[in-house]
Amino acid sequence: MGVLMSRRQTVEKVQKVSLAVSAFKDGLREQPSTRRRAEAGEARRGTLEHAVQEGEEEASAGPSQPEESSASKAAWERLRDGRGVEPEEFDRANRFTPPAFIRPKRELHDDEPLDISLEQREQVLNDEMCEICEVWTAESLFPCRVCSRVYHDGCLRRMGYLQNDSAVEVTETAHTETGWSCYYCDNLNLLLTEEEMYSLMETLKHCKIIPETCLTLDDFLHYKHLVHKQQFEKPMAEAQEEQASLQFSALDPDKKGHIEWHDFLSHESIQLLQKLRPQNALLRLLTAKERERARAAFLALDQDNDGFIGEGECRRARHAWFRKHQKETPSCNVSISHVGPISESSPASSGSSKSQEKTPAAAEQEEAKLIDWSGFLKENVAYILAARPNSTALHLQPPA
């Protein structure tokens with residue numbers, strides 16, 4: 001009890017200092033120049049095209065150019081530090097100070113083969129105390145579906161990570177099979193090292209992508225063309241452009257005509273991880289919960305218990321299981337969190353319909369190829385990681 005009270009006192013002291021600092025920052029934000037920037041905030045949160053147009057107008061105006069440059073610099077700093085969007089009007093009264101994220105570092109042995117046993121199951125245990133306030137209150141704690149951290153909903157609200165609809169989502173799904181990802185696991189960008197993040201930022205700057213803006217289909221395709229030409233020194237093929245369009249549809253499940261910044265950033269982060277890290281290094285990013293779900297998926301497919309499944313089954317698992325959970329009734333009997341069936345209108349289903357056009361000989365050849373547990377993990381690791389965010393967007397579209 002003494003330790004518990006000591007922790008509470010420590011937390012209270014930190015909160016008081018944080019509130020004082022926040023109040024000072026809020027005072028600075030009330031200056032006239034910042035008010036003008038806040039009034040322009042709605043346009044700045046529009047699509048990339050609107051943001052570029054606004055930037056050109058501000059530049060031609062003259063006096064407001066340093067102000068816009070300051071806002072852009074702050075957005076790049078938030079991107080570098082792994083923080084989310086922090087609009088000027090965000091009310092930080094009575095809020096906790098968000099944590100300072102520390103980006104991971106690559107170890108010398110990361111690329112070496114990793115032995116993950118199929119038979120040796122892992123005991124998955126959640127932490128006993130809230131990650132934020134370090135207080136234990138039993139069943140009122142909400143567990144993360146990816147890591148072992150647990151949280152109070154009140155602490156998440158005071159951190160600014162739980163607002164409006166997201167509060168309902170956490171309370172409804174955190175203790176269900178669907179699950180909920182905490183703010184660490186929800187942000188795939190935090191998997192990047194400082195060097196990898198620098199590489200991504202250089203690419204975004206080269207392609208004139210403005211942080212914290214939405215991207216239309218034209219913006220997305222233009223960006224993909226520039227990246228492909230920069231990497232391979234040749235134009236993107238028609239088939240690759242079609243795949244990029246499918247990826248855009250997967251990132252825009254609600255058919256809004258644009259993709260949100262955090263979804264675009266998650267997609268680019270997982271793409272960069274695939275490009276720069278070998279599969280062994282990606283396997284080390286999986287948590288015990290994710291490895292257990294993968295075991296359950298593989299064992300359900302391995303009906304004869306010989307340690308092998310068909311390549312076609314592996315591909316269908318990639319489309320159907322290692323993706324965002326839909327609210328329909330699951331169409332498979334595999335118990336696996338945050339994954340679900342493919343709806344007929346989903347981008348993945350369009351790819352699946354194309355695959356159904358294969359000749360019987362090609363289908364038989366696909367089924368004849370066998371994949372063991374190790375191969376199953378390596379082929380699906382990127383899709384398991386891409387399924388972490390709570391967003392309904394599909395951050396890594398499987399090929400048809």
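Q: Hi! Among contacts in the chain between residues at least 6 apart in sequence, what percentage join residues at least 24 apart?
A: That comes to 73%, where a contact means heavy atoms within 4.5 Å. This is a predicted model, in which local features need pLDDT of at least 70 and side-chain atom pairs count only at pLDDT 80 or more, while totals for chains, interfaces and linings use all residues. Residues are numbered from 1 along each chain as its sequence is written, and side-chain values use heavy atoms, with hydrogens and water left out.

Q: Good to know. How many helices and strands are there?
A: The chain has 17 helices and 6 strands. Both are DSSP runs numbered from the N terminus, with helices being H or I of at least four residues and strands being E of at least two.

Q: And how much of the chain counts as buried?
A: Of its 400 residues, 44% do. Buried means under 20% relative accessible area, exposed is over 50%, and partly exposed falls in between (1.4 Å probe, protein chains only). The accessible surface of the chain is about 21700 Å², with 52% of that belonging to carbon and sulfur atoms; areas come from the Shrake-Rupley method with a 1.4 Å probe, and for residues only the protein chains shown count as cover.

Q: Let's look at α8 and α9. At what angle do they cross?
A: The axes of α8 (residues 194-206) and α9 (residues 217-232) cross at roughly 115° and come within 10 Å. Those axes are lines fitted to C-alpha atoms, for helices over the stretch in contact, and the angles run from 0 to 180 degrees between N-to-C directions.

Q: Left-handed or right-handed?
A: The crossing of α8 and α9 is right-handed. In a right-handed crossing the near helix is turned clockwise from the far one by less than a right angle, and in a left-handed one anticlockwise.

Q: Which residues make that contact?
A: α8 brings Thr203, Leu204 and His206, and α9 brings Tyr223, Val227 and Gln230. By type there are 3 nonpolar, 3 polar and no charged residues. Here Ala, Val, Leu, Ile, Met, Phe, Trp, Tyr, Cys and Pro count as nonpolar, Asp, Glu, Lys and Arg as charged, and the others, Gly among them, as polar.

Q: How far does α9 reach from its first C-alpha to its last?
A: Its 16 residues reach 22 Å, close to the 22 Å expected at 1.5 Å a residue; the expected span is 1.5 Å times one less than the number of residues. Buried residues in α9 are Asp219, Phe220, Leu221, Tyr223, Lys224 and His228.

Q: What follows α9?
A: Glutamate 233 does, and its phi is positive, near 60°. As background, most residues other than glycine have a negative phi.

Q: What about the phi of glutamate 212?
A: Glutamate 212 also isn't a glycine, and its phi is positive, near 70°. You'll find glutamate 212 in the loop between α8 and β3 (215-216), buried at 17% relative accessible area.

Q: Is lysine 255 buried or exposed?
A: Lysine 255 is exposed, at 55% relative accessibility. Its phi is positive too, about 55°, and its place is the loop between α10 (238-251) and β4 (258-259).

Q: Switching topic: where is arginine 149?
A: Arginine 149 sits in the loop between β1 (141-143) and β2 (150-152) and is partly exposed at 23%. Its C-alpha is 7.8 Å from that of cysteine 182, though the two are 33 residues apart in sequence. Setting aside neighbours within four places in sequence, contacts of arginine 149 include Asp127, Glu131, Cys182 and Tyr184.

Q: How many residues of α14 are buried?
A: In α14 (residues 311-320), 7 of the 10 residues are buried, among them Cys314, Arg315 and Arg318.
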